[in-house]
Amino acid sequence: MEKNNEIIFPAVAMRGIVCFPRFVMHFDVAREISINAVKESVKGDRFIFLTAQKDSYVDEPQENDLYQIGVVAEIRQTLKTPDNVVRVLVEGLYRAKIKKVFMEDGMIKCSVKKLPDYSRAKSDPVELEAIIRSLKTVFERYSELVPKMPREHVNAVLSQNDPCKLFENIAYNLNLEVEDKQMLLEESNVLTKLGMLFANLVHEVEILEVEKEIHDEVRSNLDRNQRDYYLREQMRVISAQLGDDDSQDEAYEYIDKIYELNLSEEISAKLIKEAERLLKMPSSSQESFVIRNYLDTVLELPWNKKTKTKVDVKKAAKILDKDHYGMKKVKERILESIAVHAMMPEVTGQILCLVGPPGVGKTSIGRSVAKALGREYVRVSLGGVRDESDIRGHRKTYVGAMPGRIITAMKNVKTSNPLILFDEIDKMGNDYKGDPASAMLEVLDGEQNKEFRDHYIELPFDLSKVMFITTANTTDTIPKPLLDRMELIELSSYTREEKFHIAKNHLIPKQLKKHGLKASQMKINDTAIYDVIDYYTKEAGVRNLERTIASLCRKAAKEIVSGDSVKVSYSKKNLESYLGTKKYLDDEKSGKDEVGVVNGLAWTSVGGVLMPLEVLVLDGKGEIETTGSLGDVMKESAKLAVTYTRSVASKYNIPEDFYKTKDIHIHAPEGAVPKDGPSAGVTMTTALVSALSGIPVRSDVAMTGEITLHGKVLPIGGLREKTMAAYKADISTVIIPNANKGDLDEVDDAVKAATEFILASRLEDVLDNALVKN
């Protein structure tokens with residue numbers, strides 16, 4: 001019956017089944033209302049409406065118990081079984097939505113409205129093609145995991161390019177939950193439909209893969225156990241026939257080795273007890289394998305073996321100078337340790353921590369120290385270690401147990417007094433398995449590490465003769481108790497001059513040798529080295545510098561091998577043709593005496609930079625605008641500068657009401673780089689006084705320093721790097737706080753020779769030297 005585009009059909013509430021259009025399926029009906037609906041349909045035009053129940057356990061479903069969207073199907077065949085169950089074969093025709101549900105003549109009837117099967121509205125062809133390909137790939141994996149999947153069906157799916165038919169070929173043969181199938185039926189957009197199908201298929205594949213892994217593992221274990229049992233029985237019979245068992249001889253060999261080591265009573269008794277256990281068990285048992293591994297590990301440790309160390313301070317200094325340029329503080333501290341060791345060989349507990357940015361030679365200096373002392377060198381990487389067992393080891397009763405990294409290093413180095421370098425100690429983490437940093441407390445404590453106990457060996461091992469050096473990029477992530485056990489030596493970033501000498505004396509010879517080149521075949525002149533440092537690398541260390549030099553070596557080798565030239569020489573003129581356009585430009589600086597523009601100095605993690613500060617004064621209402629990604633501290637410095645300028649306004653002919661009638665804009669290029677810190681105080685004040693008074697600022701002057709409200713100049717950090725930036729930019733005069741006078745000792749000699757340093761105690765000193773005098 002049809003009314004207002006709505007058709008009334010007898011309906012069957014399906015339990016656990018969802019029908020789709022163009023899908024032939026059979027199902028059994030046993031409820032009276034469902035049997036009546038089938039009979040009514042067969043009497044008429046054989047059309048019936050099929051919709052799924054939300055809850056399969058409801059026997060008398062109402063409208064709220066049914067999904068609103070179902071399928072109008074045609075009954076092809078019915079068969080009544082002896083137990084009064086009717087088996088029905090149907091073919092889905094089209095989707096339909098319920099408008100009304102009512103009971104009539106002992107059956108459910110539904111007034112439904114026909115819906116289109118597919119809609120391609122707003123479907124991107126490219127996206128559609130992508131989801132089709134993905135769906136085929138996942139289905140192919142699904143077919144491999146599903147047993148007895150017909151190959152013809154798989155080929156039909158993989159060769160199908162029509163999205164609608166592809167959906168039907170896969171969805172109709174997929175074993176999904178009722179809710180998932182109903183969602184697929186209700187969705188009309190073909191792209192969304194395929195996406196939902198893809199998600200369901202991926203989920204099914206994941207489940208099937210896990211099932212397969214479990215099955216394979218169970219089967220593998222069964223096969224392995226049967227094989228092991230068979231082999232063990234064979235070995236037992238063979239041993240019995242031959243009458244020999246080597247386990248006793250092996251145990252006595254272990255006991256002899258233990259006595260030869262002359263260990264303490266506690267250690268000897270423990271080891272002999274373990275060796276005697278071998279006498280009481282078959283050599284093929286798992287327990288004897290564990291004991292043998294344990295004894296082998298313990299006996300390989302250097303209990304009484306020492307390396308003869310050298311205590312020649314002058315020779316050690318030569319080795320350190322040869323391997324590393326600069327690093328005066330580090331070398332001095334290491335030479336002090338060597339001198340103390342020469343005076344008192346029994347002194348222990350000297351643990352150094354080298355802290356600095358990547359690439360400045362922290363790790364390599366450990367190797368040089370070992371060479372200078374004549375000790376064996378071993379490096380233990382702690383980066384990413386999150387488990388305490390990595391440090392202390394596992395109990396030997398666990399399967400696959402092994403000693404921790406400390407004992408393993410001692411076993412490999414075969415001496416009780418090596419130099420152990422703990423690399424990246426700041427990169428250790430912690431989780432539910434324990435805190436490795438806490439385990440390191442015992443290792444790095446000279447009073448406790450005399451009896452370090454690894455969980456695996458379970459015996460006290462003396463680490464007091466070991467010299468420990470640790471490296472870190474920062475101390476922020478190192479726990480305070482651990483930090484307290486180490487003596488910090490900070491390595492700052494290399495200056496331009498240091499990089500030049502390192503490149504010339506170390507990196508270039510190293511790379512020439514590595515690339516098979518002679519010094520006569522490739523030459524990089526001094527100006528070219530400076531250009532590589534200034535325009536092709538920007539780093540605290542020299543790793544990228546070394547890579548760039550290696551690149552030049554490769555290019556030279558190519559030209560020589562190809563016969564284009566016999567010798568390659570790099571200079572300032574031809575460097576760009578080999579390395580390409582400059583990656584970094586010179587620091588922006590004020591090139592002429594200007595009003596409101598001052599050359600400031602800033603510190604970064606990769607060295608010092610020149611930072612021109614600009615101030616512009618406009619008519620306004622006394623607002624202060626700061627731009628250039630300035631932090632809170634720099635903004636406060638700007639307020640201090642304005643207040644101080646008001647206090648000295650009459651001295652520099654500045655209108656005393658400028659803070660009411662003028663707007664002040666302070667800018668620090670580059671705008672995208674965040675900046676903060678108090679050391680720009682003198683720079684801001686000088687620029688502000690210049691802009692308000694109209695007096696130009698000398699372009700050959702750079703400055704740095706923190707200010708107070710009363711005009712005092714306070715000390716700053718990073719003077720070594722900042723002065724190098726000024727030297728690189730050809731700045732002849734640098735104004736620094738008087739309190740930083742002692743830090744001039746650390747400034748590079750080349751910088752001190754080419755630069756005039758003005759020590760300022762008050763802002764008047766800065767302004768008198770920075771402003772152009774009429």
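Ten aromatic pairs are present in the structure, a pair being counted where the ring centres of Phe, Tyr or Trp (its six-membered ring) lie within 6.5 Å, with planes under 30 degrees apart termed stacked, over 60 edge-to-face and the rest tilted. The model is predicted, and local features require pLDDT of at least 70 and side-chain atom pairs pLDDT 80 or more, whereas totals for chains, interfaces and linings use all residues. Residues are numbered from 1 along each chain as its sequence is written, and side-chain values use heavy atoms, with hydrogens and water left out.

One of the pairs joins Phe-20 and Phe-167 in an edge-to-face arrangement, with 6.3 Å between centres and 75° between planes. Phe-20 is located in the loop between β2 (6-14) and β3 (24-29) and Phe-167 in helix α4 (residues 163-171), so this contact ties together parts 147 residues apart in sequence; helices (H or I, at least four residues) and strands (E, at least two) are DSSP runs numbered from the N terminus. Phe-20 is buried at a relative accessible area of 2%, and Phe-167 is likewise buried at 1% (buried, under 20% relative accessible area; exposed, over 50%; partly exposed, in between; 1.4 Å probe, protein chains only). Phe-167 also forms an edge-to-face pair with Tyr-118, at 6.4 Å centre to centre and 85° between the planes. Tyr-118 belongs to the loop between β7 (107-115) and α2 (125-145), 49 residues from Phe-167.

Lys-114 lies over the face of Tyr-94 at 4.7 Å from the ring centre, and the charged end of Lys-582 sits 4.1 Å from the ring centre of Tyr-535.

The largest pocket has a volume of about 1,100 Å³. A pocket is an open set of points on a 1 Å grid over the protein atoms alone, where a 1.4 Å probe fits, with protein on both sides within 12 Å along at least five of seven lines; lining residues have an atom within 4 Å of a point. The volume is the space filled by probe spheres set on the points, which are joined across faces, edges and corners. Of its 35 lining residues, Glu-490, Ser-492, Arg-720, Glu-721 and Glu-746 are closest to the centre.

Notes. Lys NZ or Arg CZ within 6 Å of the ring centre and 35° of its normal.
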